[in-house]
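Look at the model first, then read on.

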Amino acid sequence: VAAAASASSLDAAPSDATSFFSPSKINLFLRVVRRRDDGYHDLASLFHVIDLGDDMKFALSSSTTRDTLVCDDDTIPLDDSNLVIKALNLWREKTGSEQRFWVELKKNVPHGAGLGGGSGNAATAMWAANDLCGKPASEADLLLWSGDIGSDISVFFSTGAAYCTGRGEIVEDVDPPLPLDTPILLVKPNVGLSTPAIFKALDLDGRSAEDPLGLLEKIKAEGPKDSICVNDLEAPAFSKLPELLELKKRLKADGGDGVKSVFMSGSGSTIVQIGDDDVPGFVADDDALFRAKTRLITRKKGEWYAPSPFLEVK
Ligand code: C5P
């Protein structure tokens, strides 16, 4: 399959380009169930899609040989290793289409963050390609195929709240476990973490003993709590990046009594604070921190839906 062209300018959008919102996710809890023979791990995790996202534009390209991907972040590779190009290649392979695309990606979601930003981009690319070409594939097809390019892409074809098992690609829609307007703060040091390195460093003996289906019931009944929002990947992430544990403690202390739970998302390095409306949150006095307020979102009739306009994203 031909490589994508790389272009540096973002101002050459075709006049017929269509905008798509590419969300990210958090894991409200993440249990590692077992290490598998294929190098992956079976998980049991409650994923929720959030309104922190990237802006993408898509247009049909007249090229017969390659897609064009432009991005405002020059640290992101634009070749076949980019999940957007992998997603378009997979969509063409599965549908038999030869259509090429022009894609613009404006990044807001940090990488190495445990927020699935790149996975969201891949899901959005499959969705947009299918949309612009008259929907040759069903949503169920897209969900099924998406597991081929990464473990946490399928959640972006869910309704937004999903209990995920297998590598993370087996998605079961659940009713939103928390109100969608629950205030959530994301804080991440400038340094990211590599997912394979965190899974590799995981000591299976150090896992929480909680039954994941029990956690799913408890979060619905009791809301977010530290004893429920467990993440088995915290231990290896905190040992690689000790400042994460400090950040977690600080987010708990600074929020006072209004803080319900503070935990790491995915394989890190984002720390999530869930609090009451009146929690002042962590006042960033440090430019080395990424900080964003976000909310949980759901998907209705193909569109990502938030109950009111987006909160501040810094
Ligand atoms: O599926 P994805 O490409 O996102 O996974 C990246 C890496 O993270 C895998 O190669 C594997 O090392 C690790 N991983 C894992 N178990 C999972 C998901 C990812 O060990 N369930």
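Domain bounds come from an automatic or database domain assignment. The model shown is predicted. In this protein chain, the assignment gives domain 1 (8–173) and domain 2 (184–305). The C-alpha centres of domain 1 and domain 2 lie 22 Å apart.

The two domains touch. The contact takes 29 residues from domain 1 and 40 residues from domain 2. On the domain 1 side, strands S2 (18–35), S3 and S6 (161–166) each give two or more residues. S2 gives the most, with 10 residues. This side of domain 1 holds 17 nonpolar, nine polar and three charged residues.

Now the ligand. Where does it lie relative to domain 1 and domain 2? Both domains give residues to the shell around the ligand, so the ligand lies between them. Residues around the ligand include Gly39, Tyr40, His41, Arg167 and Phe199. Strand S3 (41–61) and helix H4 (195–201) are the elements that give two or more residues to this shell. H4 gives the most, with three residues.

| Class | Residues in the shell around the ligand |
|---|---|
| Nonpolar | four residues |
| Polar | six residues |

One annotation comes from a record. UniProt, in an unreviewed entry, lists residues 82–153 as "domain: GHMP kinase N-terminal". In the model, the end C-alpha atoms of residues 82–153 lie 14 Å apart. This span is 51% helix and 10% strand.

Terms used:
Residues are numbered from 1 along each chain as its sequence is written. This is a predicted model: local features need pLDDT of at least 70, side-chain atom pairs count only at pLDDT 80 or more; totals for chains, interfaces and linings use all residues. UniProt positions are given in the numbering used here, feature names are shortened, and annotations may be inferred rather than shown by experiment. Helices (H or I, at least four residues) and strands (E, at least two) are DSSP runs, numbered from the N terminus. A residue is near a molecule or strand if its C-beta atom, placed from the backbone, lies within 6 Å of it. Ala, Val, Leu, Ile, Met, Phe, Trp, Tyr, Cys and Pro count as nonpolar, Asp, Glu, Lys and Arg as charged, and the others, Gly among them, as polar. Two residues are in contact if their C-beta atoms, placed from the backbone, lie within 7 Å.
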